[in-house]
Amino acid sequence: MTVLKRFLAGLATAGAIVAYAGSSQAAEECKNPDSLVFSIIPTEETTQELGIYKPLIDKIKEKTGKSVEFFMPTSYASVIEGMVNGWVQIGVHGPNSYVLAKEKDPKLEVFATYTKAKGHFQEEGPGYKAVLVVKTGSKFDSIEKLKGSVLALADPASTSGNLLPRMVFGPLVGVGPDLEKYFSKVVYSGGHDQSALAVEEGRVDAACRICHAAFSLMTAPKTRLECSSSPIEPANR
């Protein structure tokens, strides 16, 4: 059993593993690189968010005896492709980006998850919501008034910044997943922070983003919550 596999098995005994599938044959084929590359999908400002994962990275270094390098993502797709092509060994994904990665490489498996502390919009636990935000003081004080406006989504592979808006908000306003039929324009900003900044600067009228990243921008307050989805629970991923 490799050092990396022993580390993952240790996490499993601690109850931190969500799913880990592997046969004895798979264990024999498991690669054991000299160093590991870690990356995260860009849900918030990446260099700041990386600090959240420092204890995990330090534990991986301690348990495997390997150096851990960080791959700076340019998009959700860059993390997916990095893992599929084998030059990113450990990645933090949302439900949608994981499904997209899994479709490209069935060998990719979830081995751990984490819970979140209660926040302004975030409920305590592993789930989270997609929220729709508009600029404070704008004329958009109802979902009906948003018809014909400009909407920012985060990334095609984002769960709260694309999948949920299309599958939850779209049916709510009677257009199904085709948000383009309700809004005059739907754009992808490249990330949740970029979506919020676009609202703040008036480049878009509204944005769908992840709930626990929303409050950081709204403390000014420059944007306000218009509506939110039901929680995304790990069991439903």
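Strand 7 (residues 206-210) is mostly covered, with 5 of its 5 residues buried. Here buried means under 20% relative accessible area, exposed means over 50%, and partly exposed lies in between, with a 1.4 Å probe and protein chains only. This is a predicted model: local features need pLDDT of at least 70, side-chain atom pairs count only at pLDDT 80 or more, and totals for chains, interfaces and linings use all residues. Residues are numbered from 1 along each chain as its sequence is written, and side-chain values use heavy atoms, leaving out hydrogens and water.

**Overall**
- The protein has 9 helices and 8 strands. Helices (H or I, at least four residues) and strands (E, at least two) are DSSP runs, numbered from the N terminus.
- Buried residues make up 45% of the 237 residues in the protein.
- Among contacts with a separation of 6 or more, 70% come from residues 24 or more positions apart. Contact means heavy atoms within 4.5 Å.

**Partners of strand 7**
- Two strands pair if DSSP finds at least two bridges between them.
- Ala 130 stands opposite Ile 210 in strand 7.
- Strand 5 (residues 150-153) runs parallel to strand 7, joined to it by 2 bridges.
- Ala 152 stands opposite Ala 207 in strand 7.

- An open sheet of 3 strands has the order 2-1-3, with parallel pairing.
- Strand 2 (67-70) and strand 3 (90-92) stand at the edges, each with a single partner strand, so one side of each has no neighbour in the sheet.
- From one strand to the next, the twist averages 25°. Axes are lines fitted to C-alpha atoms, for helices over the stretch in contact, and angles run from 0 to 180 degrees between N-to-C directions.
- Strand 1 (residues 35-40) and strand 2 run parallel and are joined by 4 bridges.
- Val 37 has Glu 69 in strand 2 as its bridge partner.

**Helices**
- Helix 4 (residues 54-64) lies across strand 1, strand 2 and strand 3, and runs at about 165° to strand 1.
- Helix 6 (residues 95-104) has Pro 95, Asn 96, Ser 97, Tyr 98 and Ala 101 buried.
- The buried residues of helix 6 pack against helix 5 (76-84) and helix 7 (159-172).
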